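Colleague: I would like to learn how to read salt bridges in a model. Could we take the charged pairs one at a time?

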Amino acid sequence: MRRGSIIYTRVCFRLSAAKCFHSKRSEAHGQLAAYCYTGIFMLRVRFAPSPTGFLHIGSARTFIFNWLYARHNGGAMILRIDDTDVERNTAASLESIFEGLRWLDMAWDEEHHQSERLALHREMADAIFRKGLAYRDFTPAQAGEAEKSGAHGTWLFNPDMREMPREESDRRAAAGEPFALRFRVPRDIVRHVRFADGVYGEQSKATADIEDFALLRSDRMPTYHMASCADDADLRISHIIRGQDHLTNTFKHILIFEALGVELPQFAHLPLLIAPDGTKLSKRRHGPVVSVTTYRDAGFLPHAFVNFLCLLGWSPKDDRERMSREELIEAFSLEGINRSNAVINFSEEDPFDPKAVWLNAESIRAMPVEELADRLAPVVRAAGFAVAREQIVKIAPLVRERIKLMRDVLAVADFFFVKELPPYDPAELIPKKGDAALAIKVLEEAQQTLAQTEFSHDALEAALRSASGRLGIKAGQMFEPIRVAVCGRKTAPPLFGTLEALGCEKCLHRIGQAIGKLQSL
RNA sequence: GGCGCCAUCGUCUAACGGUUAGGACGGAGCCCUCUCAAGGCUCAAAUACGAGUUCGAUUCUCGUUGGCGCUACCA
């Protein structure tokens with residue numbers, strides 16, 4: 001995280017890009033367009049979170065779309081931490097952002113922190129002031145607030161400040177009176193700020209409807225608009241892809257870019273992710289489901305999560321839904337992004353969108369056993385079970401089609417991990433159309449059979465089926481009591497694989513206990 | 001309030017102005033089956049409303065309604 005340097009370079013980093021960055025890093029703020037010294041256009045996108053909360057899934061999606069756009073076009077992905085709000089920044093939040101991004105496993109090519117570039121922001125703000133395109137506003141920080149945000153009138157500017165003679169302004173500034181620097185939005189002529197959004201198309205807004213927004217606060221800290229534009233220009237961002245909540249801010253940003261005399265980047269705004277109640281996602285209102293780490297901790301696979309987020313507000317325009325990372329990169333384009341907000345479907349009972357869960361289950365099913373075992377192992381160990389990897393490898397195929405989230409393994413396969421089964425109702429041991437006596441008979445027969453059978457799936461099945469024949473009962477009636485005796489419940493993974501994975505000793509022990517329970521009924 | 005944006009099944013979405021409005025998730029049912037899953041098949045389910053343009057509007061235009069965003073010396 002050193003100043004303005006490239007500290008995070010990993011896979012996907014293009015050699016040409018590297019050359020480009022190094023060669024032109026020092027060439028300051030003249031041109032925004034991202035051409036490198038060879039004259040070849042260099043596409044550069046950025047993700048700019050502010051560390052004022054955990055990494056939220058909407059932000060994660062913005063990051064992912066930027067990343068896909070960069071990778072699809074062979075461009076560079078820049079991570080920029082927008083930490084100019086010193087009041088609200090927290091180290092924990094910064095950590096949460098990195099944690100979340102690392103989990104997504106999508107590397108960025110450059111990293112910058114705005115707090116280390118304040119001099120640049122101020123310099124650019126002052127340059128705008130020197131051109132007469134900004135003015136000092138000496139209104140005390142709080143005072144103006146009330147009248148501005150009055151219920152009816154729209155606040156645009158304060159004429160006293162805007163029209164203040166330069167001499168008076170200079171004198172008061174020299175006297176040390178604090179002031180905010182405001183952009184002087186053109187008002188003498190009717191003008192529309194226009195741009196073509198990559199998603200929303202032609203956009204236009206009259207300057208008469210744009211207020212004189214602040215560039216610098218009275219403590220000389222840059223505002224978001226100033227810092228963001230200054231850095232976008234300096235870092236030669238070619239495409240700004242961000243949430244639709246910035247669509248109307250873009251008009252202000254264009255005014256800043258113009259005042260700076262730099263070329264405009266391309267803009268593309270993303271439809272917002274909203275909660276089922278139609279409001280935007282917030283931790284206070286919707287709880288931890290809006291945080292990326294919640295998904296990670298519940299046992300989502302990073303790619304399934306990415307896949308899910310991609311499907312919210314974007315479509316490959318064909319019927320594909322499950323897509324690999326390569327397919328996503330290949331298929332991604334701004335044309336596939338639609339314009340209406342997307343609801344993430346969650347509730348108190350189901351904290352995760354069913355589609356996300358399904359995508360995750362699909363990934364799990366498609367995963368090789370060894371890999372699944374490696375991912376399951378930490379979950380099992382974190383729950384306090386000391387289980388050998390080879391045991392987990394045996395269990396993995398039994399749970400693969402029965403878990404949707406990694407953490408489900410604890411509920412589905414707990415009986416593999418415990419020494420002693422938790423208590424269960426002995427009545428569960430009694431098979432359909434049978435009684436306790438039959439259950440005992442079945443279990444005793446099973447004990448004998450298992451004791452002299454090889455513990456492999458096929459041998460076990462053959463032995464138990466013929467045992468049921470000997471007893472003159474249906475196979476199902478034979479299997480039921482054994483399943484409950486061994487698993488402690490009626491629903492469990494397939495019996496023979498379960499017996500094999502559990503091993504002879506444990507099976508016989510548990511069947512013995514079950515017989516005991518039945519006898520004391 | 002002002003300004004901007006959006007509107008297809010419950011949810012995510014597809015549809016050169018001409019389709020029985022398609023797919024997916026979820027739901028329901030059937031099949032398979034040692035339980036539970038997985039899998040296969042089937043069903044229910046949508047163009048917000050009103051005008052206009054057109055031989056013909058989900059699609060183009062206008063209006064209505066609803067929703068979202070911005071309107072901070074937050075980002």
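Colleague: Is R172 buried, partly exposed or exposed, and what is its relative accessible area?

Modeller: Bearing in mind that this is a predicted model, R172 is partly exposed, with a relative accessible area of 21%.

Colleague: Which parts of the chain does the pair of K252 and E211 link?

Modeller: The side chains of K252 and E211 meet in a salt bridge at 2.7 Å, N to O, and this pair links distant parts of the chain, with K252 in helix α9 (residues 249–260) and E211 in the loop between β7 (201–206) and β8 (214–216), 41 residues apart. K252 counts as buried because its relative accessible area is 11% and the cut-off is under 20%, whereas E211, at 22%, is partly exposed.

Colleague: How far apart are the closest N and O atoms of R389 and E370?

Modeller: They are 2.9 Å apart, in a salt bridge that links R389 in helix α16 (residues 389–399) with E370 in helix α15 (residues 369–382), 19 residues apart. R389 is partly exposed at 34%, and E370 is partly exposed at 44%.

Colleague: Which residues are linked in a network of salt bridges?

Modeller: R46, R80, D82 and D232 are linked in this way, and the structure holds 34 salt bridges.

Technical notes:
Residues are numbered from 1 along each chain as its sequence is written. Chains are lettered from A and ligands numbered from 1 in the order in which they are written. This is a predicted model: local features need pLDDT of at least 70, side-chain atom pairs count only at pLDDT 80 or more; totals for chains, interfaces and linings use all residues. Side-chain values use heavy atoms; hydrogens and water are left out. A salt bridge is a side-chain nitrogen of Lys or Arg within 4 Å of a carboxyl oxygen of Asp or Glu. Buried means under 20% relative accessible area, exposed over 50%, partly exposed in between (1.4 Å probe, protein chains only). Helices (H or I, at least four residues) and strands (E, at least two) are DSSP runs, numbered from the N terminus.
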